[in-house]
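Please open the structure in your viewer and keep the selection panel at hand. The tour moves from the whole protein to its parts.

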Amino acid sequence: MNEKVLEKIFLSKNIFLLKISKSKDCKILPGQFASIKTPLKDKILRRPFTVVKDSQKKLTFLIKVVGDSTEYISNLKKGDLVDIIYPLGKGFEEKTDFKRTLFIAGGIGIAAIIPFLRGKDYSFIFGDKEGEYENVLKYFSLKALYCHEKKNKFKGFATDFINRFDFDIMIGCGPKNMLKTLKDYAQKNGKKYFAIYEEVMACGVGLCNGCSVKTQNGDYIKICKEGPILNGNLIDYE
Ligand SMILES: Cc1cc2nc3c(=O)[nH]c(=O)nc-3n(C[C@H](O)[C@H](O)[C@H](O)COP(=O)(O)OP(=O)(O)OC[C@H]3O[C@@H](n4cnc5c(N)ncnc54)[C@H](O)[C@@H]3O)c2cc1C
Ligand code: FES
């Protein structure tokens, strides 16, 4: 289906918000995403993006430019049409005490965590390797333990600061090595852990196996159907 670009706001050089019309009557849960098709000839696969904000008539995305499709999307203008399918993936419906949950994001992984962060009572560690996300935190009024690999009060990786928090559950999204470190921590400390797994995707609707990830018992899970929020303790990150 086609939706219309309503607004685009750059929050830093390569990170922007894309707001588009929402003509479908549906509720989008944390974890669900949309896939966008660009007319670029050598990019035939649709590209997945988390819905960071869902309202009755509008969908908001937070996108980082990393290649041709995201570059193309970053050049869309108000009124342009977007070829999009939504909602995709399994939303997070588990009964969880968010006051006992630690959220952890690295880089653009923050897009998947934002839909969970409601009210004031949450614990969130955010790792901003290149120092690109300060305006994102401001725009969404997010309160985070903000860490940076080179400067800042909290110098280091997001995973270096987990011990500062008291929690039962972790929900993390970021680079694979971060997700793996979280699994090691969760297993050592007996924590429940949900990994939001954002690996490469192809059809987006369960038909191609392009998004399969291996579990530690040798089975494969399709992220686009059963994820992207997975039991992080079961994934084989090697
Ligand atoms: C369920 C899901 C939700 C996502 N949500 C968001 C989001 O909200 N905002 C956002 O900016 N991005 C998100 N992504 C990642 C996004 O889909 C990719 O960045 C995008 O497909 C890149 O397309 P491209 O043509 O611009 O880059 P490409 O030319 O395809 O790739 C450029 C570079 O980016 C790397 N790359 C490509 N896809 C991914 C990926 N999925 N994860 C990590 N690195 C990748 C490639 O290895 C390559 O180095 C999500 C991915 C998934 C699977
Ligand atoms: S992307 Fe095709 S099965 Fe998941």
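The domain bounds used on this tour come from an automatic or database domain assignment. On that basis, select residues 2-88 as domain 1 and residues 98-231 as domain 2. Their centres, taken over C-alpha atoms, are 21 Å apart. Domain 1 contributes 17 residues to the contact and domain 2 contributes 19 residues, two residues being in contact if their C-beta atoms, placed from the backbone, lie within 7 Å.

The model is predicted: local features need pLDDT of at least 70 and side-chain atom pairs count only at pLDDT 80 or more, while totals for chains, interfaces and linings use all residues. Residues are numbered from 1 along each chain as its sequence is written, and chains are lettered from A and ligands numbered from 1 in the order in which they are written.

**The whole protein**

Display the C-alpha trace, which spans about 50 × 40 × 30 Å along its principal axes. Colour next by secondary structure: the protein has five helices and 16 strands. These are DSSP runs, numbered from the N terminus (helices H or I, at least four residues; strands E, at least two). Buried residues account for 38% of the 238 residues; a residue is buried if 20 or more other C-beta atoms, placed from the backbone, lie within 10 Å of its own.

**The open sheet**

Now select the open sheet of seven strands, whose order is β4-β3-β7-β1-β2-β6-β5, with antiparallel pairing. Two strands pair if DSSP finds at least two bridges between them. At the edges are β4 (47-50) and β5 (53-54), each of which pairs on one side only. Zoom in on β5 and on β6 (residues 58-64): the two strands run antiparallel and are joined by two bridges. Lys 53 has Thr 60 of β6 as its bridge partner.

**Ligand 1**

Which residues are closest to ligand 1? Select Thr 50, Gly 67, Ser 69, Thr 70 and Ala 111, the closest of the 22 residues that surround the ligand; a residue is near a molecule if its C-beta atom, placed from the backbone, lies within 6 Å of it. The elements β4, β6 and α1 (68-74) each give two or more residues to this shell. Colour the shell by class to find twelve nonpolar, four polar and six charged residues. Here Ala, Val, Leu, Ile, Met, Phe, Trp, Tyr, Cys and Pro count as nonpolar, Asp, Glu, Lys and Arg as charged, and the others, Gly among them, as polar. Finally, show both domains again: ligand 1 lies between domain 1 and domain 2, because both give residues to its shell.

Terms used
A residue is buried if 20 or more other C-beta atoms lie within 10 Å of its own, exposed if 12 or fewer, and partly exposed in between; C-beta atoms are placed from the backbone.
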